[in-house]
Amino acid sequence: MTGFGKSEVTLPTKKISVEVRSLNSKQLDLTVKLPGIYRPFEFDIRSIASAAIIRGKADVSISVENTAANTSATINKEVFREYMHQINDALAYTGIDAAYDAIVPVAMRMPEVVSTQIESVTEEEQAALIQAVKEALARFTEFREQEGATLIADLLNRVDKIEDYKLQVEPYEKARCENIKNRIRENLAQLKVDVDSNRLEQEMIFYIEKLDITEEKVRLSNHCRYFREVAAEEEAAGRKLGFIAQEMGREINTLGSKANESNMQILVVKMKDELEKIKEQVLNIL
């Protein structure tokens, strides 16, 4: 859900700039920063941005630059002169020698020296503001769509790797049963006790059935298939893909607990590694 979009709209006397940025978040956390003159339009801007962004920790920053040669700010010369006289008298009284260019900024910051007439926003400027917000959000959405396509391709590649590791498990799975039977027989032989061969065979079958991973492999394959379908067909599928990844994790964990074979366990660790990367990347998708 990371994204960025920017737009500018130029009016005869102003330039409005809008930037939209977002980071990962499970919910929409929207912050709107705008000049005080545009505060009456904050609700409209929030509504438009919320509908486009949907999820993520997002910032919408709006700035306006006055490009006109004249300005609405005026300097009260009488007040400025009086402040300058008082500052000079205070410096002379204390014996402090200060340069003229150091005194002027102090006087300019004094109350009522500079006054600004309150401007009103015309309908043309309001329309330009909303247009700038929509253009920035459109570029923001385009950015996220491009990043999303790249992320989906990476996710599907990792799902393919998980299925490939699952297939690599099968040869070890078949050899594992015979190895377990042979190990049990060898251990019993070392005990040098009489054993009912029929009962032994029944117990070994029961034990090996508990280690059977056929059901886990089938469910894992189904989850991988469903993951691909959702990624290809549904919009704003991030949450659902996250749920599917959790189900994949359950099957992989069960597969690992039943492995009882070093090579199988290595493959399970590789599956888990790919799955963790999938879970991290899914957070970047709506």
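**Entry: ground rules**

I am working with a predicted model, so I note that local features need pLDDT of at least 70, that side-chain atom pairs count only at pLDDT 80 or more, and that totals for chains, interfaces and linings use all residues. Residues are numbered from 1 along each chain as its sequence is written, and side-chain values use heavy atoms, with hydrogens and water left out.

**Entry: V282**

I noted that V282 counts as buried because its relative accessibility is 5%; buried means under 20% relative accessible area, exposed over 50%, and partly exposed in between, with a 1.4 Å probe and protein chains only. Leaving aside neighbours within four places in sequence, I found V282 in contact with L155, F227, G238, L241 and G242, contact meaning heavy atoms within 4.5 Å. I also took the C-alpha to C-alpha separation of V282 and D29, which is 18 Å in space for 253 residues in sequence.

**Entry: helix 7 and E251**

I then turned to helix 7, residues 238–259, which holds E251. The 22 residues of helix 7 should span 32 Å at 1.5 Å a residue, and the end C-alpha atoms are 31 Å apart, which agrees; the expected span is 1.5 Å times one less than the number of residues. The buried residues of helix 7 include G238 and L241, both of which I had already listed among the contacts of V282. After helix 7 comes N260, and I recorded its positive phi, near 55°.

Is E251 buried or exposed? E251 counts as buried, because its relative accessibility is 7%. I found a polar contact of 2.9 Å between the side chains of E251 and R219, where a polar contact is a pair of N or O atoms within 3.5 Å and, within protein, one must be able to donate a hydrogen and the other to accept it, while residues adjacent in sequence count only if both atoms are side-chain atoms. Apart from neighbours within four places in sequence, E251 is in contact with E216, R219, L220 and H223.

For helix 2, residues 77–94, I read 18 residues and a reach of 26 Å from the first C-alpha to the last, close to the 26 Å expected at 1.5 Å a residue. F80, M84, I87 and L91 are buried in helix 2. These residues lie on the same side of helix 2, because they cover an arc of only 70° around the axis, the arc being that of the directions from the helix axis to the C-beta atoms. On the other side of helix 2, I found E78, D89, A92 and Y93 exposed.

At the start of helix 2, a side-chain oxygen of N76 reaches to within 3.3 Å of the backbone nitrogen of E78, and just after helix 2 I noted that G95 takes a positive phi of about 80°.

Which residues is E112 in contact with, leaving aside its neighbours within four places in sequence? I found N76 and V79. E112 lies in the loop between helix 3 (100–108) and strand 6 (114–116) and is exposed, with a relative accessible area of 64%. The C-alpha atoms of E112 and N76 are separated by 7.2 Å, at 36 residues apart along the chain.

Last, I looked at strand pairing, for which DSSP has to find at least two bridges between two strands. Strand 1 (residues 3–10) pairs with strand 2 in the antiparallel sense over 8 bridges, and the two form a hairpin with 3 residues between them; F4 stands opposite R21 in strand 2.

Strand 2 (residues 14–23) is joined to strand 4 (residues 56–66) by 10 bridges, running antiparallel, and here I noted V20 opposite V60 and E19 with S61 as its bridge partner. Strand 3 (residues 28–33) runs parallel to strand 4, with 6 bridges joining them, and L28 stands opposite G56.

Methods:
Helices (H or I, at least four residues) and strands (E, at least two) are DSSP runs, numbered from the N terminus.
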